[in-house]
Amino acid sequence: MTHDAKTEPAVLGAPHRTKRPRKPQIKAVKDEPNSIDMRLEIPDILDAFPFYVMLVDENHYILQANSAVRAQLGVAPEDIIGKYCPTVIHGRDKPIDACPLEEAAKTNQAVEQEIFDAVSGRWVRSAIYPTRGLTADGGRIFFHMISDITDRKQADEQLRTSREQLRALSLYLESVREEERTNLAREIHDELGSLLTGLKIDLSWLAKKTSREQELTLAKIKSMYELIDEAIQTVKRISTELRPGVLDDLGLSAAIEWAGQEFEKRTEIKLEFTSGPKDIILDGDRSTAIFRIFQEALTNIVRHANATKVRISLKQDGDRVILRIRDNGKGIDKKQLSDPKAFGLIGMRERAMSKGGDVKISGTPGGGTTIIVSIPLKNMENLNAEDTNCR
Ligand SMILES: Nc1ncnc2c1ncn2[C@@H]1O[C@H](COP(=O)(O)OP(=O)(O)OP(=O)(O)O)[C@@H](O)[C@H]1O
Ligand SMILES: [Mg+2]
């Protein structure tokens, strides 16, 4: 005898077809060596679970249920045996769309799902495992476990939300920092720079007015002149380090080339740079993100790589801009890559992610480290008139 779920829904009170007398299921043979004298019946096994479990047939009829249904469904296990499972659990006369039994019956494989039950407003983990057992009339028997995972889901959700908030906060702080650096760089450059230039002009005036006989005064003026020149260079360096003007004036490619030359001057490491095409159009935010990733990569090379050569390429590949940085140093290892405290690397990934891109970092022991940054170019339709001066 088989049940048709569609034509025979919710057979409340129908006699149970497969309920069998409680027979010992595991019984050791007394005289065998190492045997355990154990008598265990199916209900005993099912009752060991803290959440509710059932045996069901492929037509969704309940064959056995454990005592946990009392607490979780508010019914006695013996009252639901023989009843139609979707009715008992979901109050429906047909299986819910995500019912795992449908798939398990079709494939005869285990099916595990996390389902949101709209009626109770709770999340359940519903799993079906095919058994080798058969009902008296030859139907297949499935082991069905349902556990309430609402608390875990809510905790997951809270964790996800707080991660997103942290990410948004860190990006916000980063953008504020970038804005402050830009303003500070501009002010230092413009205000201090012009004051020092003014001072230099005044000093040349003073030098012209001083007679050649006043040698000591002239020598003092000369040394002041040199100090002011030094101060002008320092102002330039500080403001450039805060925010390289070349990034805003000439674009990403020129800024990377310039930073590379500066890097070569400061270190013993040789740098090779290739780029193309010349007119990669990127908005200011994207250029800044890539440039800051590049700076972190160079800093890491100086601090950790022990490299003698760095190859850099900046290319446009379809609708993405790709920056590759490859050094010939000792090579980053897997542990360092997944270190949760590697904030430099995390920052690189976060910056790229915030622009819809990603960063791939790989290393081979003694064979160097390669960093590939891939970021989509800004949507061309978003490139309005205001954006046309962005590079
Ligand atoms: N190019 C590289 N070659 C070899 N090892 C590297 C390279 N870049 C990074 N590493 C390793 O990965 C680790 C993590 O780098 P990350 O930039 O996150 O941190 P950091 O440079 O040590 O500190 P900071 O937070 O100041 O950046 C480094 O400590 C270093 O061991
Ligand atoms: Mg670092």
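Start by selecting ligand 1 and the 15 residues around it, of which Asn300, Ala305, Gln336, Ala342 and Gly344 come nearest. "Around" here is a matter of a C-beta atom, placed from the backbone, lying within 6 Å of the molecule. This is a predicted model, where local features need pLDDT of at least 70 and side-chain atom pairs count only at pLDDT 80 or more, while totals for chains, interfaces and linings use all residues. Residues are numbered from 1 along each chain as its sequence is written, and chains are lettered from A and ligands numbered from 1 in the order in which they are written.

Next, colour helix H10 (284–305) and helix H12 (343–354): each gives the shell at least two residues. Helices are DSSP runs (H or I, at least four residues), numbered from the N terminus. H10 has the largest share of the shell, five residues.

Now jump to H6, residues 150–209. This helix has 60 residues and reaches 87 Å from its first C-alpha to its last, close to the expected 88 Å (1.5 Å times one less than the number of residues). Buried or exposed to the open? Of its 60 residues the number buried is zero, so H6 lies largely in the open (buried takes 20 or more other C-beta atoms within 10 Å of a residue's own, placed from the backbone).

Axes are lines fitted to C-alpha atoms over the stretch in contact, with angles from 0 to 180 degrees between N-to-C directions. The two helices are therefore roughly antiparallel (over 145 degrees).

Terms used: Angles under 35 degrees count as roughly parallel, over 145 as roughly antiparallel, 65 to 115 as roughly perpendicular and the rest as oblique. A residue is buried if 20 or more other C-beta atoms lie within 10 Å of its own, exposed if 12 or fewer, and partly exposed in between; C-beta atoms are placed from the backbone.
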